[in-house]
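Trainee: Could we go through this model together and test each label against its cut-off?
Mentor: Gladly, let's take a look.

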Amino acid sequence: MANWGNVISSSVGFGGVNKKPDVELVQTLLNAVPFAKGGPNPLLGVDGLCGPKTNGAIKRFQLVNQCTADG
């Protein structure tokens with residue numbers, strides 16, 4: 001069961017604030033999404049760094065889920 005007490009305090013992704021705890025949460029959540037639904041493959045390392053793999057995973061999730069794909 002998800003712990004909904006965890007919330008993102010700032011933007012994560014390309015051009016975002018990218019606070020370490022926020023990035024770690026986004027990485028964890030993306031890793032929980034099946035590939036067919038926009039999850040990353042391979043899984044992201046949960047390191048709190050918003051580098052090219054995390055940005056790419058965010059953008060892929062957005063594309064697959066018909067969101068604005070701004071990363």
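Trainee: Which residues is Ala-69 in contact with, leaving aside its neighbours within four places in sequence?

Mentor: Ala-69 is in contact with Lys-59, Gln-62 and Leu-63. Keep in mind that this is a predicted model. Contact here means heavy atoms within 4.5 Å.

Trainee: Where is Ala-69 found, and what makes it partly exposed?

Mentor: Ala-69 is found in the segment after H2. Its relative accessible area is 27%. Buried would need a value under 20% and exposed a value over 50%, so at 27% Ala-69 is partly exposed. Ala-69 and Ser-10 are 59 residues apart in sequence, and their C-alpha atoms are 18 Å apart in space.

Trainee: Which residues meet where H1 and H2 come together?

Mentor: From H1, the residues are Val-26, Gln-27 and Leu-30, and they meet Thr-54, Ala-57, Ile-58 and Phe-61 of H2. Sorted by class, this contact has 5 nonpolar residues, 2 polar ones and no charged ones.

Trainee: How do you know that the side chains of Thr-54 and Gln-27 make a polar contact?

Mentor: The distance in that contact is 3.0 Å. The cut-off for a pair of N or O atoms is 3.5 Å, and the pair between Thr-54 and Gln-27 falls within it.

Trainee: And is Thr-54 buried or exposed?

Mentor: Thr-54 has a relative accessible area of 3%. Buried means under 20%, so Thr-54 is buried. This residue has its place in helix H2. Apart from neighbours within four places in sequence, Thr-54 is in contact with Gln-27, Leu-44 and Leu-49.

Trainee: What makes Gly-13 count as buried?

Mentor: Gly-13 has a relative accessible area of 3%. With the cut-off for buried at under 20%, Gly-13 is therefore buried. You will find Gly-13 in the segment before H1. Its contacts, leaving aside neighbours within four places in sequence, are with Asn-18, Cys-50, Asn-55, Ile-58 and Gly-71. Gly-13 and Ile-58 are 45 residues apart in sequence, with a C-alpha to C-alpha distance of 7.0 Å.

Trainee: Why is Lys-37 called exposed?

Mentor: Lys-37 has a relative accessible area of 55%. Exposed means over 50%, so Lys-37 is exposed. Its place is in the loop between H1 and H2. Not counting residues up to four places away in sequence, Lys-37 touches Phe-61, Val-64 and Asn-65. Between Lys-37 and Val-64 there are 6.6 Å in space, C-alpha to C-alpha, and the two are 27 residues apart in sequence.

Trainee: How do you know that Val-7 is exposed?

Mentor: Set its relative accessible area of 61% against the cut-off of over 50%, and Val-7 is exposed. Val-7 has its place in the segment before H1. Among residues beyond four places in sequence, Val-7 is in contact with Asp-22 and Leu-25.

Trainee: Now some backbone angles. What is the phi of Asn-18?

Mentor: Asn-18 has a positive phi of about 55°, although it is not a glycine. Most residues other than glycine have a negative phi. Asn-18 lies in the segment before H1. At 23% relative accessibility, Asn-18 counts as partly exposed.

Trainee: And where is Gln-66 found?

Mentor: Gln-66 is in the segment after H2. Its phi is near 55°, a positive value in a residue other than glycine. Gln-66 has a relative accessible area of 75%. Exposed means over 50%, so Gln-66 is exposed.

Trainee: Which peptide bond is cis, with omega near 5°?

Mentor: That is the bond from Asn-41 to Pro-42. Most peptide bonds are trans. Pro-42 lies in the loop between H1 and H2.

Technical notes: Residues are numbered from 1 along each chain as its sequence is written. This is a predicted model: local features need pLDDT of at least 70, side-chain atom pairs count only at pLDDT 80 or more; totals for chains, interfaces and linings use all residues. Side-chain values use heavy atoms; hydrogens and water are left out. Helices (H or I, at least four residues) and strands (E, at least two) are DSSP runs, numbered from the N terminus. Ala, Val, Leu, Ile, Met, Phe, Trp, Tyr, Cys and Pro count as nonpolar, Asp, Glu, Lys and Arg as charged, and the others, Gly among them, as polar. Buried means under 20% relative accessible area, exposed over 50%, partly exposed in between (1.4 Å probe, protein chains only). A polar contact is a pair of N or O atoms within 3.5 Å; within protein, one must be able to donate a hydrogen and the other to accept it, and residues adjacent in sequence count only if both atoms are side-chain atoms.
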